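Let's take a look at this protein together. Have the sequence and the 3D view open while you read.

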Amino acid sequence: MSETPALEALQLCKRYSDGQRSIEVLSALDLTVAAGEWLAILGASGAGKSTLLNLLGGLDAPSSGDVRVAGSSLSVMSERARSDWRNQRLGFVFQMHHLLPEFSALENVALPARIGGASKVQAQGRARELLDQLGLQDRYTHRPAALSGGERQRVAIARALINEPACVLMDEPTGNLDPATAEHVLSAMSALRERDTAFVVVTHDPLIAARMDRRLELIAGRLQTQ
């Protein structure tokens, strides 16, 4: 397992202007996620969890501080380089699956690999392996409309893993699922434990939090051990 952290936040701050006021959502926040670690981030609504996830993924820029993914600083990269780095070293799973409706499950999963330069044969071969591992071996050709909510979310997880990222960021991945379906998704995820890929999961779901290696709570702009 790599000794380089999968993800680091260093003195991360995020402020927004509200007329005459400056509102600080995150305040000198530090975080280190080891390779292969599964981390839950909890917190009240409005605490800034999604803001933090967007900063960790390079989807938004901090007011100050830095984010490092697999040892590389996002703040010194051009927008193009940051986009390429996200494609190769980060995976994303959101509450809504965001699958492309005109593509099959196999094509949706293979797409980031194709964007990253893999051949169609390579990308689809890797996509089949991941779909098999997540129990979707009979869903290759199904489009999202023909899949259940849990199946769509598992396809989204496979898509996030296709480029073997250092870290996968998840924002309420079971938020739209009933408890039984959420449990099915979590059981499928447990098969991924042997990877070096870290998972950072923002969640209100106690089932997810209980399965993580570590749980942190976002309070007053900083992370505290729960």
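Among contacts (heavy atoms within 4.5 Å) between residues at least 6 apart in sequence, 71% join residues at least 24 apart. Keep in mind that this is a predicted model, where local features need pLDDT of at least 70, side-chain atom pairs count only at pLDDT 80 or more, and totals for chains, interfaces and linings use all residues. Residues are numbered from 1 along each chain as its sequence is written, and side-chain values use heavy atoms, with hydrogens and water left out.

How does the overall size work out? The radius of gyration, taken over C-alpha atoms, is compared with a globule rule of 2.2 Å times the number of residues to the power 0.38. The protein has 226 residues, so a compact globule would come near 17 Å, and the value here agrees.

| Property | Value |
|---|---|
| Radius of gyration of the protein | 17 Å |
| C-alpha box along the principal axes | roughly 55 × 40 × 40 Å |
| Accessible surface (Shrake-Rupley method, 1.4 Å probe) | about 10500 Å² |

Of the 226 residues, 49% count as buried, meaning under 20% relative accessible area (1.4 Å probe, protein chains only). Carbon and sulfur atoms own 50% of the accessible surface.

Now for the fold: there are seven helices and 10 strands, which are DSSP runs (helices H or I, at least four residues; strands E, at least two) numbered from the N terminus. Four strands make an open sheet in the order β2-β1-β4-β5, with antiparallel pairing. Its edge strands, β2 (21-33) and β5 (72-73), each pair on one side only; pairing takes at least two DSSP bridges. Strand β1 (residues 7-18) joins β2 over nine bridges in the antiparallel sense, and Leu 12 stands opposite Leu 29 in β2.

Notes. Buried means under 20% relative accessible area, exposed over 50%, partly exposed in between (1.4 Å probe, protein chains only).
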